[in-house]
Amino acid sequence: QVQLEESGGGLVLAGSSLSLSCAASGRAFTTYTMPYAMAWFRQAPGKEREFVATMSRSGTTIFYADSVKGRFTISRDNAKNTLHLQMNNLLPEDTAVYYCAASTRSWIVPSRTQGTYDSWGQGTQVTVSS
């Protein structure tokens, strides 16, 4: 597993933009502790955690939940072991705690399924007011 820490959440008005970051840290990364597939999930009050976006380490595989497609952009900097989520045109229904997730298993392909990922951050709150 790898330690993940999200940042960048906050309170914004509908139509605004916000950028989230996730930093992977710990001891020197090895083949077994390096983050490969990484993803963002979110959990709104009273709802189950849901998939937002995912990205392979190479960047060749990226996909989004239909609800955020065209508004959110996932990216990563492997040199810094960071994952980002640029969120534009935010809607009140985007209000949730956003979680960063990673898989340290190199053979795992990016997925919408939570069980794909073995490492999770504590989450960062995003609140969008109308």
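Is R42 buried or exposed? At 5% relative accessibility, R42 counts as buried (buried means under 20% relative accessible area, exposed over 50%, partly exposed in between, with a 1.4 Å probe and protein chains only). Before going on, keep in mind that this is a predicted model, where local features need pLDDT of at least 70, side-chain atom pairs count only at pLDDT 80 or more, and totals for chains, interfaces and linings use all residues. Residues are numbered from 1 along each chain as its sequence is written, and side-chain values use heavy atoms, leaving out hydrogens and water.

Back to R42, which sits in strand β4 (strands are DSSP runs of E, at least two residues, numbered from the N terminus). Its side chain makes polar contacts with the side chains of E50 (2.7 Å) and D94 (2.9 Å). A polar contact here is a pair of N or O atoms within 3.5 Å; within protein, one must be able to donate a hydrogen and the other to accept it, and residues adjacent in sequence count only if both atoms are side-chain atoms.

Now for the cysteines. C22 and C100 form a disulfide, with S to S at 2.0 Å (the cut-off is a pair of cysteine sulfur atoms within 2.5 Å). C22 lies in strand β3 and C100 in strand β9, so the pair ties together parts that are 78 residues apart in sequence. Both cysteines, C22 and C100, are buried.

Finally, the largest nonpolar core has 34 residues, and W40, L85, M87 and Y98 have the most contacts inside it. Such a core is a set of buried Ala, Val, Leu, Ile, Met, Phe, Trp, Tyr and Cys residues joined through side-chain atoms within 4.5 Å. Strand β9 gives the most to this core, with five residues.

Note on methods:
Helices (H or I, at least four residues) and strands (E, at least two) are DSSP runs, numbered from the N terminus.
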